[in-house]
Structures are given as structure tokens and as C-alpha cells.
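Dear colleague,

Please find the structure below for your study. A summary of the findings follows it.

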Amino acid sequence: MSDDPGSLANLRDLVQPPDIAFWPPAPGLWIVAAACLAMLAVLAWRAVHRYRAAAYRRAAIAELEAVSAGIEQNDPDAVARISAVMKRVAMVEYGRDRIASLTGQAWAEFVAHEASTGFDPATIYRLLTEAFDGRRKPEPSDLRLLVGHAELWVRAHRTPPAAEA
């Protein structure tokens, strides 16, 4: 060591502070983690609620698939069964008082009117009115088309916000 205060021999290494510990985390991290957990819990609750609320749709689709299998075996009541499944779904969504009295052409008009996007209302109206007409027996290809449209209708239709009140 030198008596000269400006001598480089008098330099010493800088003292580094200790490394920051990983645990315990800062309070802000606990707050963010709690908020994320709360959001996940709410999202999980809503997903379970939505899944349970759509149970009638899953049951209807399973029943339509059973009707579709019956078409190959020339089920004479296929159209009535398809319409009954759609009507039960509509009663859940729109209410019994509005749907229960609809039959024949009025029912076909309702289904066509309440069609959602990606759905051909003219086709289902034609298929339902021809099937309820009774003058001719529907072809299996028409019945398969009707089942396909019914499944699409069950999956996609939603009650308009004004009708929910």
C-alpha cells in the first residue's frame, strides 16, 4: 500500500449485495397470484354451469343420432320423432307456453324462422311441411337431410335476448 491516496494500489473490490432470494415472493406477486386463481375459479364455475345447462342439447343430439340409425331400417315415425326432439329443445329454450301449441305448418314456420347462421331455413321448412303433409312418404335421403338440419338447429339456435325475459 502506498501513502498516495490516488494510487491504484489502494483500490479494493466493490462489495456486492447478496443475491435476491427466490422465496418468499414479494407481496405484489401474492396479490397477482390470488387474482389469477380467482379468475380461474370463476371461469371453471362458468364452464361447468354452461356444460350442465347444455345437457338437454347433448341428449337431443344423441336421440337424433338414434333416429338417424332408424332411418336405414325404414322407421315410419322418423319425422315425428325428429320433430318431437326439436320441439322439446325449443320448449326448454323458448318456454312451453310459446311452443307446445305449434303443430304442422306453424311448427315448420317457427323452426325456419328461428334458424341460426349456417342453416338453410327453406330446406327445413320444405322437409317438415312435406313430412307432415302425409300425401307422400319421405325418402330416406330427405330424412337424413332433415336429421342433419335438426342436429344443426339443436346445436346452434339460441333464444334472442328479448325472448329470454
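Glutamate 114 counts as buried, because its relative accessibility is 10%; buried means under 20% relative accessible area, exposed over 50%, and partly exposed in between (1.4 Å probe, protein chains only). This is a predicted model, in which local features need pLDDT of at least 70, side-chain atom pairs count only at pLDDT 80 or more, and totals for chains, interfaces and linings use all residues. Residues are numbered from 1 along each chain as its sequence is written, and side-chain values use heavy atoms, with hydrogens and water left out.

Glutamate 114 takes part in a salt bridge with arginine 98, their closest N and O atoms being 3.6 Å apart. A salt bridge here is a side-chain nitrogen of Lys or Arg within 4 Å of a carboxyl oxygen of Asp or Glu. The pair links distant parts of the chain, 16 residues apart: arginine 98 is in helix α4 (residues 96–99) and glutamate 114 in the loop between α5 and α6. Helices are DSSP runs (H or I, at least four residues), numbered from the N terminus. Arginine 98 is partly exposed, at 36% relative accessibility.

By this rule there are 3 salt bridges. One of them joins arginine 57 to glutamate 93, with the closest N and O atoms 3.3 Å apart. Arginine 57 lies in helix α2 and glutamate 93 in helix α3, so this pair ties together parts 36 residues apart in sequence. Arginine 57 is buried, at 9% relative accessibility. Glutamate 63 also forms a salt bridge with arginine 88, at 2.6 Å between the closest N and O atoms.

Yours sincerely

Definitions and conventions
Helices (H or I, at least four residues) and strands (E, at least two) are DSSP runs, numbered from the N terminus.
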